Amino acid sequence: AEAGGPRDTAPGQQLRALFYALAPGESSFRTVEEVPDYVEKSIPFFITFIGLEFAVSWIQKRKLPGRINDGISSLSLGILSRLPDVLFRSIELISYIYVWNNYRLFELPWDSPWTWYLTLLGVDFAYYCFHRMSHEVNILWAAHQVHHSSEDYNLFTALRQSVVQKYTSWMFNLPMALFIPPSVFAVHLQLNLLYQFWIHTEVITKLGPLEWILNTPSHHRVHHGRNPYCIDKNYGGTLIIWDRIFGTFEAEDAKVVYGLTHPVNSFDPIMLQLRPLAHIWNTFWATPGFCNKLSVIFKGPGWGPGKPRLGLPEEIPVITGKEVPFNPYVPAYLNCYALVHFAVIVDLYTELLASMTMLSQGAVLLRIGFVILSLVSFGLLMENKSKAGILEIIRCLVFIGVYKLGYFRSQFSFLGYAYEV
């Protein structure tokens, strides 16, 4: 790498980064600019592990670990959550660097293993606090619930993220900016996120003694469950010790039924992002009394006048084990159509990430707008909505127009004609 630029990571290092298995000496950097983009470099491994999960699930159970409609929905939400990063630098790093530059009390050495391990604990504890608050404060839950909205549980679910959640999580990391260098924080912020990818699977059962210390697929399955025993449990990111210390741990027991206690029943990524916020807005105005209105925002999702802060446990819907996931019938050809066109959008999206520094702001906004339009159209197609076909025709006509004018480019020039067809 050039001096001051991001460091390159070997494939072996990048693979170990997914499991937080890097040593301090190979993942410590003097400046933020030198820190590799571990998340972006992990995309090929995401794809590889998703394929491996499909293969293992088929061998184990003779069935695939998910559905086309839910998988496209999860990937759409993942893409949508990353689009603001195309326009703005991460608010988590901006705020952290600001506090570090102006208010730090002292400076721990960036190249010390003790600083590295302290930051691991600090980032993970901050994540536990934020994650728990995201389940116990209604306005934060309105953002976080996107991640829990899938009724499947697989590696696609790990990519199912909120657009707005990052704009509330940043403040939980700021105390570390008083003494931990931004370059060390930037590494662990990514590694903590990457670790949480592989635990979103059913093909791994128990991991023996590691279950006492680490967050594992078994622990995280509980967190994603809507069974009464699963609600508000196992908030840890990398470590499960915080849940054991603060009394929020629950071991996997009865078969977990995934999703929200009141399913959203939609594959439209905009609907999944905004409907909970709309619900809070409507409830706020319908609830009498100023203090009650504030409680709608800042108490738990299950709160109501006269109820405890987190609501009544007996109001959680009973799980029978016969719950049927939202799965509208869609002809096989339409599933194939959606898959092919979604692949085209993924190509255009990755090309946008690679070339955004060379594009005008207008061209970037045009591409972002088209990606959002496409993801919404795919969601409506998967729901078999009557107006989805009209929206899809409009989307294809828009694509032809802007592609002919040169505003879109594929990473693979030989596919240009195929895209037009």
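Reply: The largest cavity has a volume of about 80 Å³. The model is predicted: local features need pLDDT of at least 70, side-chain atom pairs count only at pLDDT 80 or more, and totals for chains, interfaces and linings use all residues. Residues are numbered from 1 along each chain as its sequence is written, and side-chain values use heavy atoms, with hydrogens and water left out.

First, the terms. The search runs on a 1 Å grid over the protein atoms alone. A cavity is a set of points where a 1.4 Å probe fits but cannot get out. A pocket is an open set with protein on both sides within 12 Å along at least five of seven lines. Lining residues have an atom within 4 Å of a point. Grid points are joined across faces, edges and corners, and a volume is the space filled by probe spheres set on the points.

Arg67, Asp70 and Arg160 are among its lining residues. Ser149, Ser150 and Glu151 also line it. So do Val264, Asn265, Ser266, Phe267, Leu272 and Phe326. By class, this lining has four nonpolar, four polar and four charged residues. Here Ala, Val, Leu, Ile, Met, Phe, Trp, Tyr, Cys and Pro count as nonpolar, Asp, Glu, Lys and Arg as charged, and the others, Gly among them, as polar.

A salt bridge is a side-chain nitrogen of Lys or Arg within 4 Å of a carboxyl oxygen of Asp or Glu. Asp70 pairs with Arg67 in this way, at 3.7 Å from N to O. Asp70 also has a salt bridge with Arg160, where the closest N and O atoms are 3.9 Å apart. Helices are DSSP runs (H or I, at least four residues), as strands are (E, at least two), and they are numbered from the N terminus. Asp152 joins too: Arg67, Asp70, Asp152 and Arg160 are linked in a network of salt bridges.

How accessible are these side chains? Buried means under 20% relative accessible area, exposed over 50%, and partly exposed in between (1.4 Å probe, protein chains only). Asp70, at 3% relative accessibility, is therefore buried. Arg67 is at 19%, so it also counts as buried. Arg160 and Asp70 are both buried.

Further out, the salt bridge count comes to 13. One of them joins Glu136 to Arg309, with the closest N and O atoms 3.2 Å apart. Glu136 lies in helix H6 (residues 113-136) and Arg309 in the loop between helix H14 (290-298) and helix H15 (332-355), so this pair ties together parts 173 residues apart in sequence. Glu136 counts as buried because its relative accessibility is 8%. Arg309 is partly exposed, at 40%.

H6 and H14 come up again at the second largest pocket. This pocket holds about 1,200 Å³ of space. Of its 48 lining residues, Trp141, Thr261, His262, Pro301 and Gly302 are the closest to its centre. H6, helix H7 (138-148), helix H13 (269-286) and H14 each supply at least two lining residues. The lining of the second largest pocket has 21 nonpolar, 20 polar and seven charged residues.

The structure holds three cavities of 30 Å³ or more. The second largest cavity contains about 40 Å³. Its lining consists of Leu348, Tyr349, Leu352, Arg367, Phe370, Val371 and Phe408. H15 and helix H16 (361-382) are the elements that give two or more of these residues.

Next, the cysteines. A disulfide is a pair of cysteine sulfur atoms within 2.5 Å. The count is zero. Cys336 is in no disulfide, and the nearest cysteine sulfur, that of Cys396, is 16 Å away. Cys336 is partly exposed, at 48% relative accessibility.

Last, the record. An unreviewed UniProt entry annotates residues 117-248 as "domain: Fatty acid hydroxylase". UniProt positions are given in the numbering used here, feature names are shortened, and annotations may be inferred rather than shown by experiment. Over residues 117-248 the chain is 52% helix and 0% strand. The end C-alpha atoms of that stretch are 24 Å apart.
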